[in-house]
Amino acid sequence: DDSEGLLLIYVFFFLSPGSKKDLETRLLAIDDNLRTTTMAPILRSTPLVALLVLQISLLFFASTLPISSGSEDSNTITGRVRIPASTAIGHAAKFSNIKVVLNGGQNISFLRPDGYFTFHKVPAGTHLIEVYALGFFFSPVRVDVSARHHGKVQATLTETRRSLTELVLEPLRADQYYELREPFNVMAILKSPMGLMVGFMVVVVFLMPKLMENIDPEEMKRTQEELRNQGVPSLSSLLPASP
Amino acid sequence: MAMALRLYLLLIVFVSSAIVSFSLYEDQVGLMDWHQRYIGKVKHAVFHTQKTGRKRVIVSTEENVVASLDLRHGEIFWRHVLGTKDAIDGVDIALGKYVITLSSEGSMLRAWNLPDGQMVWETSLHSAQHSKSLLSVPVNLKFDKDYSILVFGGGYLHAVSPIDGELLWKKDFTAEGFEVQRVLQPLESSIVYVLGFLHSSEAIVYQIDSKSGEVVAEKSKAFPGRFSGEISAVSNDKVVVLDSTRSILVTISFVDGEISFQKTLISSLVEDSGEAEILSPLLSNMLAVKVNKRTIFVRVGDQGKLEMVDSLSDETAMSDSLPVADDQVAFASVHHEGSKIHLTVKLVDDLDTVLLRESIQMDQHRGRVDRVFINNYIKTDRSNGFRALIVMEDHSLLLLQQGAIVWSREEGLASVTDVTTAELPVEKDGVSVAKVEHTLVDWLKGHILKLKGSLLLASPEDVVAIQEMRMKSSGRSKLTRDHNGFRKLFIALTRAGKLFALHTGDGRIVWSTLLNSPACARPSGISLYQWQVPHHHAMDENPSVLVVGRCGSDSSSPGVLSFVDVYTGKEISSSDIGHSVVQVMPLPLFTDSTEQRLHLIADTDGHVHLYPKTPEALGIFQREFQNVYWYNVEGDDGIIRGHGMKSSCAGETADEYCFTTRELWTVVFPSESEKIISTLTRKPNEVVHTQAKVSTDQDVLYKYVSRNLLFVATVSPKGAGEIGSVTPEESALVVYLIDTVTGRILHRLSHQGCQGPVHAVFSENWVVYHYFNLRAHKYEVTVVEIYDQSRAENKNVWKLVLGKHNLTAPISSYSRPEMFTKSQSYFFPQSVKTIAVTSTAKGITSKQLLIGTIGDQILALDKRFVDPRRTLNPSQAEKEEGIIPLTDSLPIIPQSYITHSLKVEGLRGIVTAPAKLESTTHVFAYGVDLFYTRLAPSKTYDSLTDDFSYALLLITIVALVAAIYITWALSEKKELSEKWR
């Protein structure tokens, strides 16, 4: 399992283009990300060697969450739901109506006033956490509870494939369940098919007489004569050419 | 004329501004849909009636709901639906502001804020074994924060701080053979008594210091004989228990830790005694025992001496005791007498002192009283008043106060098990049920208001008026059939065995019936079928439904059939059929002269029985005898068996409506690699409009439409558990399509690294199913469409002209089907509880999948999104046909949630039924809540929407006519003046 992962990392490493400077800046960014995690101090001391390790950590050990505890079979997953005030439209983001669901309904947890939730007695393995809040769409979260590392938890958003450094879940978007009534808008009416038709007719009614005025009456008479001479168009000319 | 044209143009501008609306606007909520909130059958109730603040009652229910109800009106202040495995064991109020719930067999303790239901803290308690779970919130806790909540569960006694849920101490009681029976904490005492039985023959009392959790003292005493486990705590130092013969009451007193037994023969208390049973109510110094179908009250004296003080008839429900003023304790009992119930509140110490006696008229269809909870209040004359919350046999919840029912809640509807639809009666001439709008002026006024609303020119008052007008719009809730088939009845069968008819217009209960049976008191309902639907013949008969039930919970217990008139809700007849019910099969297309539908019922002996038991039905059945096949699924063994009819079982019994069957085929799944987790067939009454499907390149595909297809999903035994319990390598999901007549496997599709649960929907020639992909760690939805290959040759026009096609050839299940399938998979970002599909009258309208998500919302997803013909870059022609470019996951568009901003808490099923209008379908979703709406998957193409402004049309016409006349007059005038010139 691990060797396969390493192989993938190598591939990724070789494929990823970029100058040394590029790598350095990326390293800085990574360093910033990892400052909170336990790995950070070691990595900072040997930046060049750590490069590969960092790539690994980015890909696979994306997040090492300190908030987990427990023995072999009863780990605890603790996380937090945060709804930014800016995304709340119309719906009051009431924590009392939010549910956090583990593995499609195996366990249901509720939020504390500060937004924290906990799942108790979770066996080691790969789990799925979903947050249901009316008015918001949350990405499901893949949570790996490690058996070897005393229930260490890693989390990844399955929708965006973004890994989380800490289990703080934020909505991907706010959901608006109703259509909004368009305010009365003249332009919208004119742009609609009906409006275009009306516009054309307006042109015909108001502008055609003006155009007609400009035409020479003599010429008009001649055209009418010509049309009369042509006679009634024959049926054959109306039919499309047979294949 | 130019003038007329100009006016006309202006009017067109005006008309075109009334844009037809498609999806739901916020002000349209409640026009076509309704939503009802329930909580389920109440298990525990705690009153909170302090002087300040609103009076409420906290309840926990069998649907795992904890809720706070308004005591005045019965409305829900807040509620929480816990997980399905999180059954509530106890509920109480602590510190006067927290609701404490104990759930999951005593391993989860939560505190909820009393006013708004916000969770305050949550504590997971250690549990090592299955045991009783007891929640004890000391009374003192209301005043003194030094006390802690005592919880026994999983073999451990825990003390939890009520403020933050911190675990103060825990004590291990998991010793072999030791069962904790009671945890008692006397008032004003810091000692907790834990009483338990060792091997049911030795009583042990532990005295534990409530501050530290240290065992202060431990006393035990062996009992000559065995205890039966049922126990009643009568006071702080005494309990009464039955011995294993159930004929001796043993009083165990443990004053100061010294245990003493005192035996009393029940026969010494009552004369004709049999086996006794201790009833659950907690009374102080008193005990309720059920002997010989009577309830006797036994007073426990100071020395443990027992004496009988009263006896009541069997049908009595009792409440726990309640302290009233002056150190007195009262309790309530309710018993039936005819159509009335009598509520009596007495003092425990003095049964002759009746504090309250009330008689209340009670609906027969609520059954008996199941539970009683009482609460007292001080009246203005300083005497005690009582209110009683009662739970009836049909699960309804009622509040009684001052001899009347203050409010009632039909909580039976929180546990709907089966749903069917029924038509309303036809409106007869001269019988006008609801009034239509009065005058033309009113009508016009209404429509002008609507017009203003749609142009957003309405003032707030107008908006309110419009909303009100729409809500009670003409005949929405009439009790007669309408032209479009929008008014219908949904017949719902509940777990309590009650049948409800709900009106689609406003969701009100038209009638309700509690099922009765001559064989047993209350049969449990299993399923519902349409029995008689007159539409060609027998028009004077009322339609009826068949309710299949059984006496008892075991599948071999005898079945009961009940026929209920749909118009009136009256039970026409009820019969005890004398055999068990395993499977009920409505025979398609077989009806007798009174349009009763033929049904076959299979029993545990492998026989099938024909209903109705009439010679005519038998005649019809005999004609088709050879063509009747059925199958059964033995999920545990992984076997599917197909059966055919063999002969009448006249040899064994004299019953000529009983038939034996022969086994035709079996499909056995290898038990070590596959386990059946889901089976599904098409809805038998589904209508398919066309068999042919023309694709863009003038190619014709023929749908393989067969009623005998069975979808089966199996998963590796390891993967049958929850997500997270298996690795992708260990689990595989395999789906099959099996012909149920021949047992032929038509298609097999394997998904490696996937697992259930599988939620599927089968319609026309396609199956859509939802499962979990372990590799991607995402949910997936797969569509499989089945096409008929044998008809694919019928493309040439000449073949059709010369009659060399096989379109009219008879279809037989025995002919080898030449078919091919197309399938495609997509990711889906949510867990799913159930999937349904819309159904319309003729099957012309395109379909929508209705996906009930784990968030208890229902998402309508157009079938075009799950079309195997989707490609990454559809050609222009394909785009014109409506093929959507392929994406890796299915979109969730918030506006297509048909439940909009509502939730159908505890969603369990979605039922769809066609309206008469082809474009429209009824959708009914049930769970703890009920939700109904009307959907038009392809918009209402065959009717004007409700928003259509007739007033505008009328005004336009009038204006046009006027304009014509005016311009005509003007042009006349002009001509005249020109002539004068």
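1. B:Glu410 counts as buried at 16% relative accessibility, where buried means under 20% relative accessible area, exposed over 50% and partly exposed in between, with a 1.4 Å probe and protein chains only. The side chain of B:Glu410 meets that of B:Lys498 in a salt bridge of 4.0 Å, N to O, a salt bridge being a side-chain nitrogen of Lys or Arg within 4 Å of a carboxyl oxygen of Asp or Glu. This pair links distant parts of the chain, 88 residues apart: B:Lys498 lies in strand S37 (residues 498-503) of chain B, and B:Glu410 in the loop between strand S34 (404-409) and strand S35 (416-422) of chain B. B:Lys498 is buried too, with a relative accessible area of 1%.

2. A word on how to read these values: this is a predicted model, in which local features need pLDDT of at least 70 and side-chain atom pairs count only at pLDDT 80 or more, while totals for chains, interfaces and linings use all residues. Residues are numbered from 1 along each chain as its sequence is written, chains are lettered from A and ligands numbered from 1 in the order in which they are written, and side-chain values use heavy atoms, with hydrogens and water left out.

3. On confidence, the model scores ipTM 0.82 and pTM 0.83. For chain B the mean pLDDT is 83, and 90% of its residues reach 70 or more, pLDDT being the predictor's confidence in each residue, from 0 to 100. Over residues 9-22 of chain B, however, the pLDDT is below 50, and this stretch has 26 contacts in the model beyond near neighbours in sequence, where contact means heavy atoms within 4.5 Å. Residues 430-437 of chain B also have a pLDDT below 50, with 8 contacts beyond near neighbours in sequence.

4. Chain A contains 8 helices and 12 strands; helices (H or I, at least four residues) and strands (E, at least two) are DSSP runs, numbered from the N terminus. Of its 243 residues, 34% count as buried, and among contacts in chain A between residues at least 6 apart in sequence, 58% join residues at least 24 apart.

5. The whole structure holds 34 salt bridges over all chains. One of them joins A:Arg173 and A:Asp175 at 2.8 Å, N to O; here A:Arg173 is partly exposed at 31% relative accessibility, whereas A:Asp175 is buried at 1%. Another joins A:Arg142 to A:Asp144, with the closest N and O atoms 3.2 Å apart, and of these residues A:Arg142 is partly exposed at 26%, while A:Asp144 is buried at 19%.

6. Where chain A meets chain B, the contact takes 50 residues from chain A and 63 residues from chain B. The area buried between the chains is about 5100 Å², of which carbon and sulfur atoms give 60%; buried area is the accessible area (1.4 Å probe) that two parts lose on being put together, summed over both. In chain A, the residues that lose the most area to chain B are A:Phe110, A:Tyr178 and A:Arg181, together 17% of what that side buries.

7. How many salt bridges does the rule find across the interface of chain A and chain B? There are 2. A:Arg112 forms a salt bridge with B:Glu122, the closest N and O atoms being 3.9 Å apart, and a network of salt bridges links A:Arg112, B:Asp86, B:Arg110 and B:Glu122.
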